[in-house]
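Please keep the sequence and the model in view while reading the points below.

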Amino acid sequence: MSAPSGSTVAVRGKLERRRRRIRVSRDGLSTLAFLLPLLLVFGAFSWYPIVRSLVMSVQETNLVSTLTFVGLDNFARVLADPLFSKAVSNTAFFALLALIIGYPIPLVLAVIMSETRRYKSLLSALAYLPVVIPPVVSVLLWRFFFDGSPNGVFNTILGVVGLGPVHWLGDSGTAMPSIVIEATWAGFGGTVIIYLAALLSVPRELYDAAEVDGASIRQKIWHVTLPQLRGILFITLILQLIATSQLFTEPFLFTGGGPANSTLTVLLLIYHYAFQNSLGGDYGMAAALSVMLAAFLAVFTAFYFWLTRSWSTTS
Amino acid sequence: MKSRKMARRPHSAPQVQRGIISESDRRRPKVRWTFRFINGATLILLLIVGLGPILWLAKSSITPTQDTLRTPMSLWPHGFDLGNFAKAWSKTHIDHYFLNTVWIAIGSWIVQIVVATTGGYALSVLRPRFSRVLTAMVLATLFVPSIVLLVPLYLTIVDVPIVNIKLINSFWAVWLPAGASAFNVLLIKRFFDNIPREIFEAAQVDGAGAFRLFWSIVLPLSRPIIGVVSVFAVIGTWKDFLWPLLVLPDPNMQPLSVRLPTLQPTTPLDIFIAALAIATLIPIILFLVFQRMFLQGGDVSGAVKG
């Protein structure tokens with residue numbers, strides 16, 4: 001007799017759990033004490049700068065002269081800058097190349113790895129290793145690989161097959177593709193891990209059902225696996241676009257934006273406006289460009305959150 | 001022959017384990033050999049791509065400069081020089097910058113843990129009246145790419161509002177902004193949300209207050225999630241470049257990541273590569289020790305960093 005009544009109590013407890021609050025001095029001093037670190041740190045280093053970036057974009061600021069309201073002047077100056085269109089097209093070019101080169105690789109690897117039985121953990125550890133190497137070390141290391149002389153690492157390899165030497169970072173035509181190769185190497189492991197987890201959640205019955213209908217392995221991948229991964233494929237696509245439009249460390253350390261501005265990205269241009277100006281930082285222009293980039297990214301980010309939310313409620 | 005093959009297959013229920021390729025597919029010789037070939041190729045490819053650069057780094061760090069310059073791809077160097085590490089460590093003052101990195105990592109870690117656990121506790125368990133608004137405001141910062149805040153955040157560090165302190169060239173300039181991680185707060189809050197409320201009620205009946213509840217119940221229960229946040233906090237500091245570059249212009253304060261690019265022109269090649277190897281060591285060790293945290297998470301939300 002006692003067992004059923006106990007379980008109903010548990011069920012009711014579960015139902016009420018969401019609504020019940022703890023009655024320890026709610027809104028009291030201790031609550032405030034616990035909230036204080038969050039309020040201080042987020043207030044000073046997150047909420048305040050966010051508001052400030054909006055304000056700054058319509059002001060003329062360089063820390064020396066007094067602040068003056070200039071309306072949309074900063075935006076107009078950024079848009080009129082010939083380097084702006086260069087930076088935007090370079091960043092778009094990078095995003096496109098990274099998509100073509102870097103997007104299919106993790107997916108193919110993850111599908112193969114998910115079928116492997118023996119070295120699965122070894123394979124995923126190997127794929128993830130480049131992700132944990134600090135980006136600065138990766139870039140400095142790859143500078144040796146990209147050495148343009150015939151004795152460079154990659155040129156030595158190409159020389160064996162009778163190709164090269166390629167100038168890699170030294171040539172405005174190959175500099176950006178070189179950076180894409182390094183960035184792909186540095187990031188593909190993280191995406192592989194995401195896909196591996198997603199592949200586990202593909203219902204096994206679908207494969208059974210496809211086999212009953214006589215589907216081959218290729219057909220199973222095409223008609224079961226990929227459609228089931230649709231949601232996650234879209235999420236990684238958006239994540240990649242968000243990440244590629246914020247490219248900084250690689251071009252900054254590889255080429256500094258050169259040769260002939262061929263690797264100048266939007267973020268590099270923000271950095272130039274704010275911190276590499278001989279006349280003192282033009283923070284207004286930097287803020288204006290930041291706000292434009294943020295608005296552009298916000299569309300993707302909002303989309304991302306909307307997707308992951310509908311995703312987590314269904315599963 | 002046949003019996004050996006049978007014995008090799010796992011005894012457990014095959015239905016649970018299956019993926020795209022079915023058991024009967026796996027028994028077909030054509031499928032088996034093709035798959036074996038693809039598998040082997042993947043293994044070799046990943047060994048070259050994942051381990052190759054690190055092995056090259058390790059080899060070149062003990063190889064004399066001339067060898068690395070002339071034949072960078074030779075498998076066996078003409079001489080070993082373990083002294084490169086010692087020279088890099090003491091003569092190029094890598095030890096100093098390494099320690100800077102360690103200090104920055106420890107401070108950032110403490111700030112992140114304090115903000116995330118206390119904030120998560122207040123928003124999840126204590127739930128003041130305005131907690132929903134606050135949670136939304138924390139969530140909203142996730143929408144703003146951190147990198148876009150670069151300039152206003154820099155100006156904030158130059159002159160912190162209200163208190164008017166200049167934090168340039170102080171580790172606090174890296175420590176404090178690290179705490180403003182919405183991802184950490186929300187991750188920990190979600191973990192706290194899942195702790196059964198009955199536990200708190202029982203503790204309250206026993207007379208525990210808000211602080212006691214936090215210290216003796218919530219924190220011990222949340223060790224796993226705090227571990228996750230900790231490891232990523234340390235790795236994150238090791239990876240950080242742009243922010244410390246901006247707020248720590250004094251070379252004496254700079255971490256390894258900022259110092260390495262400027263050291264390159266003035267450092268002999270072999271010693272420089274040894275320095276790179278030293279900078280890679282800690283993240284790789286952390287990865288090898290906490291592999292599971294990295295590889296079994298598959299947490300999509302973790303991939304977006306702001």
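Two residues are in contact if their C-beta atoms, placed from the backbone, lie within 7 Å. On that basis, residues 24 or more positions apart account for 66% of the contacts in chain A with a separation of 6 or more. The model is predicted: local features need pLDDT of at least 70, side-chain atom pairs count only at pLDDT 80 or more, and totals for chains, interfaces and linings use all residues. Residues are numbered from 1 along each chain as its sequence is written, while chains are lettered from A and ligands numbered from 1 in the order in which they are written.

**Chain A and confidence**

- Chain A contains 14 helices and two strands; helices (H or I, at least four residues) and strands (E, at least two) are DSSP runs, numbered from the N terminus.
- Of the 315 residues in chain A, 39% are buried. A residue is buried if 20 or more other C-beta atoms lie within 10 Å of its own, exposed if 12 or fewer, and partly exposed in between, with C-beta atoms placed from the backbone.
- The average pLDDT of chain A is 81, and 86% of the residues score at least 70; pLDDT is the predictor's confidence in each residue, from 0 to 100.
- Over residues 1-19 of chain A the pLDDT is below 50, and this stretch has two contacts in the model beyond near neighbours in sequence. Where pLDDT is low, the predicted coordinates should not be read in detail.

**The contact between the chains**

- Chain A contributes 92 residues to the contact and chain B contributes 88 residues.
- On the side of chain B that touches chain A, the largest share comes from helix H4 (residues 29-61) of chain B, with 12 residues.
- That side of chain B has 61 nonpolar, 19 polar and eight charged residues. Here Ala, Val, Leu, Ile, Met, Phe, Trp, Tyr, Cys and Pro count as nonpolar, Asp, Glu, Lys and Arg as charged, and the others, Gly among them, as polar.

**The nonpolar core**

- A nonpolar core is a set of buried Ala, Val, Leu, Ile, Met, Phe, Trp, Tyr and Cys residues joined through C-beta atoms within 7 Å.
- The largest such core has 151 residues, and those with the most contacts inside it are Tyr195(A), Ile270(A), Ala286(A), Leu289(A), Ala275(B) and Leu276(B).
- Helix H9 (residues 175-200) of chain A gives the most to this core, 15 residues.
- Not counting residues up to four places away in sequence, Leu289(A) touches Val78(A), Val266(A), Leu269(A), Ile270(A) and Tyr273(A).

**Helix packing in chain B**

- Two packed helices are described by the angle between their axes and the distance between the axes. Axes are lines fitted to C-alpha atoms, for helices over the stretch in contact, and angles run from 0 to 180 degrees between N-to-C directions.
- Helix H6 (residues 83-90) of chain B packs against helix H17 (residues 269-289) of chain B at an angle of about 80°, with their axes 8 Å apart.
- H6(B) and H17(B) are therefore roughly perpendicular to each other; angles under 35 degrees count as roughly parallel, over 145 as roughly antiparallel, 65 to 115 as roughly perpendicular and the rest as oblique.
- From H6(B), the residues Asn84(B), Phe85(B), Lys87(B), Ala88(B) and Trp89(B) meet Asp270(B), Ile271(B), Ala274(B), Ala275(B) and Ile278(B) of H17(B). The residues of this contact of H6(B) with H17(B) comprise seven nonpolar, one polar and two charged.
- Helix H7 (residues 94-126) of chain B and helix H13 (residues 210-221) of chain B pack at an angle of about 105°, with their axes 12 Å apart, which makes H7(B) roughly perpendicular to H13(B).

**Individual residues**

- Ser138(A) lies in helix H7 (residues 135-145) of chain A and counts as buried, with 24 C-beta neighbours inside 10 Å.
- Leaving aside neighbours within four places in sequence, Ser138(A) is in contact with Pro130(A), Ile133(A), Glu182(A) and Ala186(A).
- Leu229(A), found in helix H11 (residues 217-244) of chain A, counts as buried because 20 C-beta neighbours lie inside 10 Å.
- Ala260(A) is a residue other than glycine with a positive phi, near 55°, and counts as exposed, with 11 C-beta neighbours inside 10 Å.
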